[in-house]
Amino acid sequence: MTAPISESWTRIENWLAEHAPATYAALAPPADPTDIAATERVIGRPLLKPLVRSLLRHDGLLDQRGSLLPGFYRPMSAREIAAAWQLLTGFYDQRTADEKGDEADYDFMKIGASSVLYGHPQLIPIARDVGGGHLVLDHRPEIDRGRVHEAEAVEGIRRISHELWTSLPVLMEAIATSLETDQPLNGYTPVVDQEQRLYWDFIPLRSDRTVHRS
């Protein structure tokens, strides 16, 4: 059974305070509920409860260079989520999506990527990397509701099969366990730099590496 997101946050905070104090200090204070309500008005729907609980614990990460989440992603504040949603939805092609219909969802589930779904108004951005890519939380009322996907302008929305991305609570619990055990998380290993900040060193899994023979 997956732990509540508040419990995972406590474990993450405790580890950061001891091992990566710079990142710990960069954790934002809890979000103002009025900011969350304003974000919900902008996107036109309630945010999923795990996201709200996470924002009420920490309203993003203050260090713009920081990456609390694997893949070099920085969790965003409620206000940043609203701004990013407005930006991404500007790229959504409703006409193409209507023409594709169920085919777009089928391709997404089968192939694991979709340019048609990029900017979909129910895929809510929750984190950003330095290159402008995002993690989005699926708010659609279908099988992937609550799942975390990657969003990138060239490849579109990527549905990562690893169980790590099943939900936000699963992701946060996996991060806490990886920090405490120093074990890789889908190829990412937690490392603390000289400035006492957490970052994730990516080491491809053996099955993902190209074997070169002389």
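By class, how many nonpolar, polar and charged residues does the lining of the largest cavity have? Keep that in mind while you click around.

This is a predicted model, where local features need pLDDT of at least 70, side-chain atom pairs count only at pLDDT 80 or more, and totals for chains, interfaces and linings use all residues. Numbering runs from 1 along each chain as its sequence is written, and side-chain values use heavy atoms, with hydrogens and water left out.

**Stop one: the largest cavity.** Select Trp9, Ser54, Leu69, Pro75 and Ile126, which lie nearest its centre among 15 lining residues. A cavity here is a set of points, on a 1 Å grid over the protein atoms alone, where a 1.4 Å probe fits but cannot get out; lining residues have an atom within 4 Å of a point. The volume is about 150 Å³, meaning the space filled by probe spheres set on points joined across faces, edges and corners. And the lining? Twelve nonpolar, three polar and no charged residues (Ala, Val, Leu, Ile, Met, Phe, Trp, Tyr, Cys and Pro count as nonpolar, Asp, Glu, Lys and Arg as charged, and the others, Gly among them, as polar).

Now colour α4, which gives the most to this lining, with three residues (helices are DSSP runs of H or I, at least four residues, numbered from the N terminus).

**Stop two: the second largest cavity.** Select Leu88, Tyr118, Gly119, His120, Leu123, Val136, Ala151 and Ile157, which line about 30 Å³ of space.

**Last stop: Ile175.** Find it in helix α8. Beyond its neighbours within four places in sequence, Ile175 touches Ile12, Leu68, Leu69, Pro70, Leu185 and Trp200 (contact means heavy atoms within 4.5 Å).

Key: 1 Å grid on protein atoms, 1.4 Å probe; cavity = no way out; pocket = protein on both sides within 12 Å on 5 of 7 lines; lining within 4 Å. Helix = DSSP H or I, 4+ residues; strand = E, 2+ residues; numbered from the N terminus.
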